[in-house]
Amino acid sequence: MGIKKLAIAVPILLAAVACGTASPATLPAGAGGHEHGGPPPKAAPLRDGERFEEVGLTRPYEPVPPAGGTDEYRCFLIDPKLTKPAYLTGSQFLPQNSAIVHHGIFYQIKASQVDEAKHMDAKSKGDGWQCFGDGGIDEETYIGGWAPGHDETLIGDRTGYRMEPGNQLVVQVHYNLLATNGKPGETDQSKIRLRLLPGTAHVTPLVGFLLPSQIELPCTAQESGPLCDRATAITDLEKRTGADAGQEVEGLNQMCNQGQPPTPGDTQHCDHKVPQPALVYAITPHMHLLGRSMTVELNPGTPNAKTLLSEPNYNFDNQSERVLPEPVQLKAGDTIRVTCTHDATLRSKLPQLKTLKPRYVVWGDGTSDEMCLAILTVSPKS
Ligand SMILES: [Cu+2]
């Protein structure tokens, strides 16, 4: 996700990102085995002042999985053509070809980022651009996600993400061609139904607190090769995703591990201090394809400890927000611990990864890199 530049400096970040849900522990996320089908769920009734706006792909897109694989993650820039500020109070992905659509994740980008997105689109053949991982636009903010069977998520009564005129959406769609045995030719022209309120409405604005953790995932005992060396892997990461990627990794080690030599392992955690009072409504887990589990704890090891999220079987294809049963109040100075477990053995099992060389995995934007990110949907208030 486009949060990487922010991850170094600030323990808790105002912005938002995305991706995943549960499948049996033995079934790697994104490897297929999903249930598809059925028409999309009906919309809940419009509430006072709301309107629906349907946006979507401008024409059918034919997914082209890379390297003989069966999956493509494709990002599309979609203009909601807002002429006035609005609040996005709900969103529902409407898959047109549900046989091949595996998930949809929605990001908002500012008007100032639209050129960057257009550039990504223009340099890529066909509509949109390939985007394993996330949308690939700096500072993109997560505003919703969908996986088969998911209804529109409505958080509380009057809450929403503010959208300014000129802002646009980046929608990441996971196409999976297992249903056609990888045979090309299927097309999709999905839509999204936006639920909007005028920007003048009295709405509790939602923002994302982005809480990352470092990843220090070594090669498995069965794997070997030059990229299994951490320093070599980071040099390679910088070559693939930009010169500051290594700094991001070191910044996370500073933040989460006080700059001590990192301890390689499947499970890593990071503690964050809450900077300001906020009410948490929902938590969205984000890891990439090697992600196995995530927990988010409030004040661990104290009498007030509380588990906010326990995601024992992370599934990349269901990264919609998990709405908490009751909003939870955070106080300034509280500690939030984000813990992720990744599984390097999935690399040799997942169609999207198995052609790649074994590597020591750290935080990064690419298919073969990982993230560990809890996105807390909050309203800043006491
Ligand atoms: Cu990511």
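Which residues touch the most other members in the largest nonpolar core? Please keep in mind that this is a predicted model. The core holds 90 residues, and those touching the most other members are Val170, Val171, Val362 and Ala374. Both domain 1 (36–205) and domain 2 (213–379) contribute residues to this core, so it lies between the two.

Let me turn to one of these residues. Leaving aside residues up to four places away in sequence, Val171 touches Cys75, Phe76, Ile78, Gly104, Phe106 and Ile192.

Next, the sheets. Strands pair through backbone hydrogen bonds within a sheet, in either a parallel or an antiparallel manner. Here, five strands make up an open sheet with antiparallel pairing, in the order β6-β3-β9-β5-β7. The edges are taken by β6 (129–130) and β7 (141–146), each having a single partner strand, so one side of each has no neighbour in the sheet. Strand β3 (residues 71–78) and strand β9 (residues 168–176) run antiparallel and are joined by eight bridges; Arg74, for instance, has Val173 in β9 as its bridge partner. Helix α2 (residues 114–122) lies across β3, β5 (101–109), β6 and β9, and runs at about 135 degrees to β3.

Finally, consider strand β4 (residues 86–94), which is mostly covered, with eight of its nine residues buried. Strand β4 runs antiparallel to strand β8 (residues 159–163), with three bridges between them, and Ala86 is partnered there with Met163. Eight bridges join β4 to strand β10 (residues 191–198), again in antiparallel fashion, and Leu88 has Leu196 as its bridge partner in β10.

Terms used
Residues are numbered from 1 along each chain as its sequence is written. This is a predicted model: local features need pLDDT of at least 70, side-chain atom pairs count only at pLDDT 80 or more; totals for chains, interfaces and linings use all residues. A nonpolar core is a set of buried Ala, Val, Leu, Ile, Met, Phe, Trp, Tyr and Cys residues joined through C-beta atoms within 7 Å. A residue is buried if 20 or more other C-beta atoms lie within 10 Å of its own, exposed if 12 or fewer, and partly exposed in between; C-beta atoms are placed from the backbone. Domain bounds come from an automatic or database domain assignment. Two residues are in contact if their C-beta atoms, placed from the backbone, lie within 7 Å. Helices (H or I, at least four residues) and strands (E, at least two) are DSSP runs, numbered from the N terminus. Two strands pair if DSSP finds at least two bridges between them. Axes are lines fitted to C-alpha atoms, for helices over the stretch in contact, and angles run from 0 to 180 degrees between N-to-C directions.
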